[in-house]
Amino acid sequence: MSAPHPAVFDRQCMARALQLAKRGLYTTDPNPRVGCVIAHNGQVLAEGWHQRAGEGHAEANALAVAGDAARGATAYVTLEPCSHFGRTAPCCDALITAGVARVWVAMTDPNPLVAGSGIERLREAGIEVACGLLEDQARALNPGFIKRMERARPFVRLKLAMSLDGRTAMASGESQWITGPEARRDVQRLRARSSAIITGVESILADDSALTLRAEQLGLAEAEAICRRQPRRVVLDSDLRTPPSARVLQGQGATLVACAAGADPLRRQALEAAGAELIELPREGDGLALEPLLAALAQRECNEVLLETGATLAGAAVAAGLVDELVIYMAPLLMGSDARPLLRLPIATMAEGRELEIVDMRALGRDWRITARPRTDGNG
């Protein structure tokens with residue numbers, strides 16, 4: 001069999017690097033997911049990916065496998081090699097020292113500490129650098145890291161579960177379980193890839209949710225390792241009604257409670273004694289302003305946040321234009337016109353409707369998962 005055309009081989013190697021990067025989907029936070037392939041003369045020599053924050057980056061891991069064979073080779077990296085000292089040494093220096101001749105970069109790093117300086121350093125060392133191969137796929141791997149670096153805001157994913165007629169709970173509040181075990185497993189995986197999970201106090205009072213990852217529900221071989229990093233839990237609670245005994249304050253992982261200025265100091269003390277971190281936000285309408293919360297989470301290195309809440313807070317986030325993606329689980333069930341709606345989003349005319357683009361739809365057991373994003377072309 002003849003060797004593939006060089007351009008085809010380049011694409012194959014970058015596609016493989018993207019596959020490797022995805023292995024860090026649940027474990028690299030707050031770092032980006034990055035993969036690397038090293039090849040020479042049409043042969044792959046080594047592979048690596050960033051496995052966990054604080055450990056070796058993708059390039060360093062691949063170079064450790066390649067050894068001396070990396071001299072004169074080509075490195076395919078899904079994100080521009082870093083040029084600064086963090087918890088590890090700069091990857092561009094490692095590539096230079098290894099003597100690679102060429103580096104393919106899928107996308108430049110939006111981190112202001114890098115932002116082209118890694119590519120510049122490689123070129124100054126005489127290494128040929130090409131950018132943009134499978135860039136869209138590379139950006140899709142790290143929506144939160146990119147948004148935090150470019151907009152100082154995390155990527156907001158809104159999770160909703162509904163019946164076929166768009167209802168989330170009976171008028172009494174009864175809602176468990178609308179969807180089946182396959183959908184609930186998928187929600188666990190959304191939590192696992194998130195830096196933080198946001199909910200409202202009404203959900204805590206109604207369900208006493210812990211909002212934690214549960215290894216037995218993830219359905220992944222590495223579930224125990226993934227669950228060592230629990231997402232930050234965030235409760236929007238204007239008047240500090242969260243009980244100090246609430247499950248969301250217990251167990252591994254930090255809990256942030258957002259309240260309004262002037263909230264009862266005794267309640268504040270009780271929650272802080274229970275281990276909560278409190279943050280004050282301005283009031284907005286009947287609740288709290290969400291934009292300052294997202295800015296605060298970005299400062300705490302949160303890349304992707306998952307909004308798991310009721311119709312009121314979910315509707316407020318959509319109305320404010322803060323939701324980047326909706327993940328809707330739809331069960332083959334009719335709950336009737338008296339049941340609670342998916343969103344509290346007052347809309348009077350068709351012209352006021354929020355148009356979405358469906359980017360994915362798939363079956364999960366008896367349920368369906370719909371992934372949609374707000375239209376950004378001016379038609380929505």
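Which helix holds cysteine 91? Cysteine 91 lies in helix H3, residues 91-98; helices (H or I, at least four residues) and strands (E, at least two) are DSSP runs numbered from the N terminus.

The model is predicted: local features need pLDDT of at least 70, side-chain atom pairs count only at pLDDT 80 or more, and totals for chains, interfaces and linings use all residues. Residues are numbered from 1 along each chain as its sequence is written, and side-chain values use heavy atoms, with hydrogens and water left out.

**Annotated site**

An unreviewed UniProt entry places the annotation "binding site" on His57, Cys82 and Cys91. These positions follow the numbering used here, feature names are shortened, and annotations may be inferred rather than shown by experiment. The three residues span 35 residues in sequence, yet no two of their C-alpha atoms are more than 9.2 Å apart, so they gather at one spot. Histidine 57 sits in the loop between strand E2 (43-49) and helix H2 (58-66). Cysteine 91 has 3% relative accessibility and therefore counts as buried; buried means under 20% relative accessible area, exposed over 50%, and partly exposed in between (1.4 Å probe, protein chains only). Not counting residues up to four places away in sequence, cysteine 91 touches His57, Glu59, Pro81 and Cys82, where contact means heavy atoms within 4.5 Å.

**Strands E3 and E6**

Strand E3 (residues 74-77) is covered on both faces, with Thr74 and Tyr76 buried on one side and Ala75 and Val77 buried on the other. In strand E6 (residues 155-163), eight of the nine residues are buried. The pairings of these strands are listed below; two strands pair if DSSP finds at least two bridges between them.

| Strands | Sense | Bridges |
|---|---|---|
| E1 (residues 35-40) and E3 | antiparallel | four bridges |
| E3 and E4 (residues 102-105) | parallel | four bridges |
| E6 and E14 (residues 304-308) | parallel | five bridges |
| E6 and E15 (residues 325-331) | parallel | seven bridges |

Cysteine 36 has valine 77 of E3 as its bridge partner, and alanine 75 stands opposite valine 103 in E4. Lysine 159 is partnered by glutamate 308 in E14, while leucine 158 is partnered by leucine 326 in E15.

**Surface patch**

Ile358, Met361 and Trp368 make a nonpolar surface patch of about 320 Å². Methionine 361 belongs to strand E17 (residues 356-364) and is partly exposed, with a relative accessible area of 46%. Accessible areas come from the Shrake-Rupley method with a 1.4 Å probe, and for residues only the protein chains shown count as cover.

Patches are made of residues with over 30% relative accessible area and no salt bridge, like charges being joined within 9 Å and nonpolar side chains (Val, Leu, Ile, Met, Phe, Trp, Tyr) within 5 Å. A salt bridge is a side-chain nitrogen of Lys or Arg within 4 Å of a carboxyl oxygen of Asp or Glu.
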